[in-house]
Amino acid sequence: MKFVLPLLLLCSFSLAHGQGCPAGQQKDPATLVQIEQVWLRAAEQHDKAALECILADEFEEADFDGSLIDRRAMLATTAKPSAVPFELSDLHAYVHGDSAYVRGVGGIRSADGKFHAKNRFTDIFVYRDGRWQCVAGHESHFPEER
């Protein structure tokens, strides 16, 4: 069962392009952690439809430089190729009824296998129409390693 849920979530998001957004998502931390992974893969694979399912219409992210990124701008980033594979770690989700948040760390892994943290993030979700939708996020950069 541990592996079935992530597989079902991935399938439901990849089908979002032609069949609408997934419904009936569980209200549990594991589902939210998996959504974060789907979000990352959707961005890497330029899957705008999957991101449209995750991001609520009113989505805004406070970026590390203080700027606000709205849903339209976030969706536009799917068109830009990324030269560096990004990873998520230290993901923790907390559910409070129909709202939740996920906190984690994003970064890259060097050739020697060491993880280099780039930012810490918090994403805030609401449960609507049978699925989790991200309404807000915040990113903070880690200081440069010396």
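With which side chain does the side chain of N119 make a polar contact? The partner is the side chain of E139, at 2.8 Å; a polar contact here is a pair of N or O atoms within 3.5 Å, where, within protein, one atom must be able to donate a hydrogen and the other to accept it, and residues adjacent in sequence count only if both atoms are side-chain atoms. Before going further, a word on the ground rules: this is a predicted model, in which local features need pLDDT of at least 70 and side-chain atom pairs count only at pLDDT 80 or more, while totals for chains, interfaces and linings use all residues. Residues are numbered from 1 along each chain as its sequence is written, and side-chain values use heavy atoms, with hydrogens and water left out.

Now for the overall layout. The protein chain has 5 helices and 6 strands; helices (H or I, at least four residues) and strands (E, at least two) are DSSP runs, numbered from the N terminus. Read from the N terminus on, the elements come in the order α-α-α-α-β-β-α-β-β-β-β. Of the 146 residues in the protein chain, 36% are buried. Buried stands for under 20% relative accessible area, exposed for over 50%, and partly exposed for what lies in between (1.4 Å probe, protein chains only).

Going through the strand pairs, β1 (residues 55-62) and β6 (residues 131-141) run parallel and share 4 bridges, and E61 stands opposite G137 in β6. β3 and β4 run antiparallel, joined by 8 bridges. Here E87 has G107 in β4 as its bridge partner, and A93 stands opposite V102 in β4. This hairpin has 2 residues between the strands, and G97 takes a positive phi near 70°. β4 and β5 are also paired in the antiparallel sense, over 11 bridges, and G107 turns up again with A117 in β5 as its bridge partner. With 5 residues between its strands, the hairpin of β4 and β5 includes G113, whose positive phi is near 90°. Finally, β5 and β6 pair in the antiparallel sense over 10 bridges; their hairpin has 2 residues between the strands, and D129 in the turn has a positive phi of about 55°.

That leads back to N119, which sits in strand β5 (residues 115-128). The bridge partner of N119 in β6 is H141. Is N119 buried or exposed? Its relative accessibility is 5%, so N119 counts as buried. Leaving aside residues up to four places away in sequence, N119 touches F86, G104, V105, G106, E139, S140, H141 and F142.

A search of the whole structure turns up 1 disulfide, a disulfide being a pair of cysteine sulfur atoms within 2.5 Å. C21 and C53 are the two residues joined, with an S to S distance of 2.1 Å. The torsion about their S-S bond is about -90°, so the disulfide is left-handed. C21 lies in the loop between α2 (16-19) and α3 (29-44), and C53 in helix α4 (residues 48-54), so the pair ties together parts that are 32 residues apart in sequence. C21 counts as partly exposed because its relative accessibility is 32%, whereas C53, at 2%, counts as buried. C134 is buried too, with a relative accessible area of 0%.

Methods
Contact means heavy atoms within 4.5 Å. Two strands pair if DSSP finds at least two bridges between them.
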